[in-house]
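Me: I have a model open and a few questions about it. Let me put it up first.

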Amino acid sequence: MLRFVLFRLLHAIPLLIAVILVILLMLQFIPGDPVQAMVGDFPVSPEFRAAITQQYHLDDPFPVRVYSYFVNLLHGDFGYSYQFQRPVWDLIAESAPRTILLTLVGFLIAVPFGVLVGTVSGTTRSSRVDHFWTSTALVAYAIPTFWLGQLLVLVLAVHLGWFPTQGMGPLVSRAHGLSWFLERAHYIALPALAFAVHEGTRFARIMRASVADTLGQGYIVTARAKGLSRGAIIRGHVLRNSSLPLVTVAGYAFGAALGGAVLLETVFTWPGLGLLLVQAVRMRDNMTVVGIVIFAAIAVVVINLLVDLLYAALDPRIRGRG
Amino acid sequence: MSGGAANAGAALLEVRDLKVHLRVGGAIVRAVDGVDLTVMPGESIGIVGESGSGKSTLARGILKLMANVELAELQGDVRFQGKDLTRIADAELRALRRHGGFSMIFQDPLGYLNPTKRVGTQVAEALGGKWFAATRRRVEQLLEEAGLPASAQLARRFPHELSGGQRQRVMIAIALASEPALLFADEPTTALDATVQLQVLKTLGRLHRDRNMAMVVITHDLGVVAELCDRVYVMRSGKVVESGDTVELFENPRHPYAAQLIELSTRHRRPGPSAPGAAPSVPASPAEAR
Amino acid sequence: MEPPSTAPGPVRSAWRGFRAALGHMAGTRHGAVGCAILLVLAIVAIFAPLIAPYDPLQQAQASLTPPSMRDLFGTDNTGRDIFSLVIYGTRTSLAIGLGAAFGALVLSGLVGMLAGYFRGPVEAILMRLAELFQTLPVIVVVLFTVALFGSSFWLLLAAIILAIWPVEARLVYGQYLRLRSMDFVAAAKVADMSTIHIMLREILPNAIRPVIVQVALDASVAILIEAGLGFLGLSDPNTVSWGQLLYVAQDYMTIAWWTSFFPGAAICLAVVGLNLFADGLNEILDPRTRGRAGGLQS
Ligand SMILES: Nc1ncnc2c1ncn2[C@@H]1O[C@H](COP(=O)(O)OP(=O)(O)O)[C@@H](O)[C@H]1O
Ligand SMILES: [Mg+2]
C-alpha cells in the first residue's frame with residue numbers, strides 16, 4: 001500500500017507540473033499586447049506598464065518567467081486581479097468553498113440515486129423497469145445542465161415560487177442553526193438538483209453497466225450454487241463489486257466539478273469558482289483566468305490522487321500489493 | 001449396465017433426454033443433445049470427452065447454473081431425489097442448494113470466488129451464516145476437511161492471496177458446506193500444477209468415501225476417471241457415445257472414440273513401468289491411489 | 001508460421017461485419033431511433049434555407065410574440081423568428097459536432113495508433129500527453145482556449161478537439177495494444193509487410209469498431225460544449241447557434257418561455273440522437289449487451 005501511495009505521488013507531481021507548464025506555454029501565444037492580456041480591458045499608463053513588465057518578468061525569457069511563476073505559486077501567490085482589484089488567491093479562497101458546498105450536496109443526491117437506479121436497472125435487464133430507466137437516463141443525460149437549470153427556475157421558482165431563482169442567499173444572515181441551514185438549503189436546492197440529474201443519471205448508466213458485468217462473473221454462479229436468494233446475491237456480491245468502478249468515476253467527477261461547474265453556476269448565479277471563471281473570461285482578466293485554471297488543475301490532480309488511494313483501500317486486489 | 005446401478009434402489013439423479021441448445025452469434029449450438037444419465041446414491045461417476053464436447057453445459061443444465069449463455073432450448077427430464085428439477089419452484093431449488101442437495105465446484109476457482117471478500121466469509125455464506133465470527137469454527141473445520149491447514153489466518157485471506165490449489169480447496173469447502181448428497185466437480189484439477197492435481201484428487205476421493213457423497217467428476221483426463229470413478233460416460237458433440245463400468249471401459253472400449261481417448265491418455269500419462277500383460281490403460285487402481 | 005495470404009482474412013471479415021452491423025442498426029430499438037433523428041437533423045441542416053420561413057437575422061416580427069401559426073416557436077426580444085433561428089442553428093451544431101468528432105478521430109487515431117503500435121518512449125510520451133490534456137475538465141480547457149485566443153468557428157473547433165481527443169486516443173491505444181499481439185499481426189510481420197501497411201490495413205479495420213461508438217459520443221459532447229459556450233455568451237457572435245439563443249433567453253425567459261424551450265429542446269434532440277446511435281452500434285458490436293441466461297436467475 002505504501003509503495004502504491006509513493007508510486008501514485010511520483011506520478012501526480014510531474015503531471016501537475018506539466019499541466020501548469022502547458023497553461024503557461026499557451027499564454028505565450030496570446031495575440032496582441034502581453035501587458036494588456038494580463039490586466040484585461042483596462043487603460044494602461046506607461047508607468048504601470050513598466051511596473052507590470054518588471055513584476056512578471058515579461059521581458060525575460062520563458063524559463064525565467066515560468067520559474068518566477070512557480071516560486072510565486074509555492075508562496076500561495078496566484079497573481080493579482082486588476083479587474084477585481086484583489087489578489088487572485090483571495091478570489092479563489094472565497095469562491096471555492098461555495099463550489100465545494102454545491103458539489104457535495106449534488107453528490108449527496110446523485111451517488112445514492114445512481115447506485116440505486118443502476119442496480120435496479122442492471123439486475124432487471126431487458127425488463128420494463130430497465131427500459132424505463134435506460135430511456136430516462138438517456139434523455140436526462142442529454143439535457144444540458146444549463147437548460148435544465150433554466151427550466152427548473154422557470155417552473156419551480158418563477159411559476160410556483162417554491163425556490164429563489166438565483167444566488168446563494170443573503171451575504172449576512174441573522175438566522176442561526178437549523179433556520180440558517182434551511183435558508184441555505186432553499187437556495188442550494190435547485191442548482192444541486194440540476195447537478196444531480198445530470199451526474200446521477202451518468203452514475204446510473206455506469207452502475208448499470210458495471211452491474212451487468214458483475215452478473216456475468218463466475219462468483220455470481222457460485223453464489224447461486226450456494227442457494228443464496230436474489231436479494232442476498234445483490235447485497236452480498238453485486239452491490240459492492242459493481243460500486244468499485246463508480247468510486248473512481250464519481251471521485252473524478254467530483255474533482256472535475258470543482259473547476260468545471262461553470263455552466264451550472266452561471267445559470268443559477270451561484271458565486272463559486274465557475275461563475276468567477278466566466279466573469280474573468282468576459283472581462284478578459286487573464287490573470288484571474290489562469291489562476292483559476294491552475295487551481296482547478298491542482299484540485300483535479302489532488303482529488304484524483306485521493307480517489308485512487310481510496311479505491312486501492314477498497315479493492316483488496318490492489319490493497320494487498322506492495 | 002454397471003454394478004452400481006443394478007444393486008441399489010432409487011436413483012439419486014436421473015436425467016432423460018436432456019437437450020441444452022445455445023444461441024451463439026446467430027447460430028445454434030447443440031451443446032447437449034439428448035443425454036441420459038443416472039447417478040445412484042454414493043456413487044462416483046465420470047464424464048469424459050474432449051474440450052467442447054458439452055460436459056460443462058450438461059452439468060450446468062442439470063443444476064440450472066447456466067452463466068452467460070443465450071439459451072435456445074432447454075428440455076428433458078431431470079429428477080433429483082424424486083423431484084423434477086425442470087419444473088421445481090425457485091425456493092425449493094434454493095433449499096436443495098442450501099442443504100443436502102447438490103453443489104458444484106468449477107474449473108476456474110479464481111473467477112468463481114469473489115475477489116473482494118475474504119475466503120472465510122465466502123465459506124460462511126454457504127453455511128447460511130451471515131457473521132463470520134459466529135460460524136468461524138465450522139468454516140475452519142470445512143477448510144481443514146477440504147485439505148487446507150487449520151488456521152484462522154488462511155480464512156482471512158482474499159482469493160488472490162492463495163495459490164491455485166488452495167483456491168480450489170476453498171471452492172471444495174464451499175461446496176461441502178451444504179452437506180450435499182451429490183457433488184459436481186467440473187474439471188477440478190485442470191487449472192492446477194501436476195503435483196497439486198494429485199493432492200486435490202486424493203482429497204476428493206477421501207471426501208467421496210468418508211461422506212458417502214455421490215460425485216460427478218467432469219474431466220478430459222482419463223487418469224482422473226481411473227482415480228476416482230466407478231462408472232464413466234464418454235461424451236462427444238453433445239451426445240453420450242459410450243458408458244459403463246470404469247474398468248470394463250478401459251479394458252474393452254466399444255466405441256472407437258473412447259478407444260482413441262484411452263490411447264491418447266495412456267500415451268501422455270505415466271510413462272513409468274506398467275506390468276507387461278496387465279490392462280495397459282488403467283494407470284492405477286483407485287485403491288492404490290488412496 | 002502462417003502463409004501471408006491468410007493474413008488479411010480477419011480484416012476483410014471485420015469490414016464485412018461492420019457493414020452488416022450498420023445494416024442491423026434498423027433492427028435495434030435504440031439504433032433505429034438514433035439513425036432517424038440524425039437523418040432528420042442532417043436534412044434540416046442541409047435544406048435550412050428551404051425549411052426556414054424567414055431569414056434568421058431578419059427582425060421583421062414583433063418582439064417576444066408567443067408561438068403561433070405564423071411564428072411556430074414565437075419570436076425573440078429583437079423580433080427574430082425562433083423557428084428559423086433553430087433551423088439555422090442546426091447547421092452550426094452539426095458542423096461543430098461532426099467537425100470536432102472527425103478532428104478528434106484523426107488526432108486521437110494518429111496518437112493512439114503510434115502509441116499502441118510502438119513500444120518504449122513513443123508510447124510513454126504520447127500517452128502521458130493524453131493524460132495531460134485529460135486532467136482539466138473539457139469545459140475548462142475550451143473556456144481557457146477561447147478566453148486566450150477568441151471564439152471564431154475554427155478556433156472553437158480547435159479548442160473542442162484539443163479538449164476531447166484524449167479519451168478516444170486512449171481507446172485506440174487500448175485496441176492497438178490488444179491487437180498488436182494477435183496472430184494475424186504476427187503473420188503480417190512474418191510476411192514482411194511494411195509497418196504502415198500493418199498499422200493501416202491489418203490493425204485499423206479491426207480496431208475501429210469501438211472507436212466509431214466513441215466518435216458518436218464525441219460529437220454529442222462537442223455539441224453540448226458549443227451550446228454551453230453559446231450560453232455563456234462566448235461563442236462566435238456572427239453565427240446563429242442554439243446555445244446563443246439560450247444566452248439571450250436568460251433575460252426574457254420569465255416572460256417568454258419559448259425563447260428558452262425550443263433551442264434547448266433542439267440541443268437535447270441532437271444529443272439524444274447521437275447517444276441512441278452510439279447505443280445501437282454498441283449493442284450490435286458487443287453481443288454481451290443482449291439478454292442472456294445467467295446473472296440472477298435461480
Ligand atoms: N458461454 C458460451 N458461449 C458460447 N458458446 C458456448 C458457451 N458455453 C458453451 N458453449 C459451446 O457449447 C459447446 C459445449 O461447451 P462446453 O459444455 O463448455 O464443453 P466442455 O465443458 O466439454 O469443454 C461448445 O461448442 C461451446 O462452444
Ligand atoms: Mg468445460
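Me: Leaving aside neighbours within four places in sequence, what is B:Thr116 in contact with?
Reply: This is a predicted model. In it, B:Thr116 is in contact with A:Arg240, A:Asn241, A:Leu244, A:Pro316, A:Arg317 and B:Phe158, with neighbours within four places in sequence left aside.

Me: Which side chain does the B:Thr116 side chain make a polar contact with?
Reply: That of A:Asn241, at 2.9 Å.

Me: Where does B:Thr116 lie in chain B?
Reply: In the loop between strand 6 (102–105) and helix 4 (119–126).

Me: Buried or exposed?
Reply: B:Thr116 has 4% relative accessibility, so it counts as buried; the cut-off for buried is under 20%.

Me: Switching to ligand 1. Which residues come nearest?
Reply: There are 14 residues around ligand 1, and B:Gly52, B:Lys55, B:Ser56, B:Thr57 and B:Val69 come nearest.

Me: What are the distances from oxygen atoms of ligand 1 to the side chains of B:Lys55, B:Ser56 and B:Thr57?
Reply: For B:Lys55, a side-chain N or O atom is 2.9 Å from a ligand 1 oxygen. For B:Ser56 the corresponding distance is 2.7 Å. B:Thr57 has a polar side-chain atom 2.4 Å from an oxygen atom of ligand 1.

Me: How much of ligand 1 does the protein bury?
Reply: 67% of the 550 Å² that ligand 1 exposes when taken alone.

Me: Which elements give two or more residues to the shell?
Reply: In chain B, strand 1 (13–24), strand 2 (27–39) and helix 2 (55–63). Helix 2 of chain B gives the largest share, three residues.

Me: And the shell by class?
Reply: Seven polar, five nonpolar and two charged residues.

How values were computed:
Residues numbered from 1 in each chain as written. Chains lettered and ligands numbered in written order. Predicted model: local features only at pLDDT ≥ 70, side-chain atom pairs only at ≥ 80, totals over all residues. Heavy atoms only, no water. Near = heavy atom within 4 Å. Polar contact = N/O pair within 3.5 Å; in protein donor to acceptor, adjacent residues only side chain to side chain. Areas by Shrake-Rupley, 256 points an atom, 1.4 Å probe, with all protein chains shown as cover. Helix = DSSP H or I, 4+ residues; strand = E, 2+ residues; numbered from the N terminus. Nonpolar A, V, L, I, M, F, W, Y, C, P; charged D, E, K, R; others polar. Buried < 20%, exposed > 50% of the residue type's maximum accessible area, 1.4 Å probe, protein only. Contact = heavy atoms within 4.5 Å.
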